[in-house]
Amino acid sequence: IQEVSDVVLDELSALEIENLTYMREEEKLARDVYLTMFETWGLSIFENIASSEQSHTDAVAEMLDKYKLPDPVVDDRIGIFMNQELAHLYETLLARGYQSSLEALFVGGLIEEVDMVDLKRAIEETDNEDIRELYESLLRGSRNHLRAFVGQIENLGIVYEAQFLTQEEVDAIVDSPMERSSSSRS
């Protein structure tokens, strides 16, 4: 009799499992930072995007469940992470976001830029269509979130400069319209 975990390993590579697990907590990190920045600064953009990030982290949790993989989010409280690199990043991002509401908006932009790079890499590293579709949906969401953060910053009369992507990539995203999801997820 083949164990369930053996079946999963046949369906998913170790890299696909690692990426799904990481993405679950990376989406939670975005949610947690945005919820904390909303509490700190009261800007509705943080509350709105945190809600979207909740649906993103839930979607990744559903994929983990589908493949019978352990969920790294064993404690869903804000700021709790199994991945220690993400725990440290969370603290670093908060420290920057606490400096001012403008810095908090830049933190939002940075989170979305990094998320896009990680999602693009994860898309390249999977051959499972359902996982690819999930990541494509998350990628659309991150582009929309970046557009929203940049819009808020530029409404203040400040030019947004790319923090992780190239300036050309950021400009191409910001200069294109908001995207609608091709499925039920956004």
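**Fold, core and loops**

Tutor: Read along the sequence, the protein chain follows the pattern α-α-α-α-α-α-α. That is seven helices and zero strands, where helices (H or I, at least four residues) and strands (E, at least two) are DSSP runs numbered from the N terminus. The radius of gyration is 17 Å, close to the 16 Å that the globule rule gives for 186 residues, so the chain is as compact as a globular protein of that length; the radius is taken over C-alpha atoms, and the rule is 2.2 Å times the number of residues to the power 0.38. This is a predicted model, in which local features need pLDDT of at least 70 and side-chain atom pairs count only at pLDDT 80 or more, while totals for chains, interfaces and linings use all residues. Residues are numbered from 1 along each chain as its sequence is written, and side-chain values use heavy atoms, with hydrogens and water left out.

Along the principal axes, the C-alpha atoms fill a box of roughly 65 × 35 × 25 Å. Of the 186 residues, 46% count as buried, meaning under 20% relative accessible area; exposed means over 50%, and partly exposed lies in between (1.4 Å probe, protein chains only). Among contacts with a separation of 6 or more, 78% join residues 24 or more positions apart, a contact being heavy atoms within 4.5 Å.

Now the core. The largest nonpolar core has 48 residues, and Leu20, Val33, Tyr34 and Tyr135 have the most contacts inside it. Such a core is a set of buried Ala, Val, Leu, Ile, Met, Phe, Trp, Tyr and Cys residues joined through side-chain atoms within 4.5 Å. Two or more residues each come from helix H2 (14-41), H3, H4, helix H5 (101-124), helix H6 (129-155) and helix H7 (167-174). H5 gives the largest share, 10 residues. Leaving aside residues up to four places away in sequence, Leu20 touches Leu12, Val60, Met63, Leu64, Leu69, Ile131, Leu134 and Tyr135.

Two loop residues complete the picture. Asn128 is in the loop between H5 and H6 and counts as buried, at 12% relative accessibility. Beyond residues up to four places away in sequence, Asn128 touches Glu11, Leu12, Glu16 and Tyr67. Leu12 is also one of the residues touched by Leu20. Lys68 lies in the loop between helix H3 (44-66) and helix H4 (84-97). Lys68 is exposed, with a relative accessible area of 58%, and its phi is near 55°, a positive value in a residue other than glycine. Most residues other than glycine have a negative phi.
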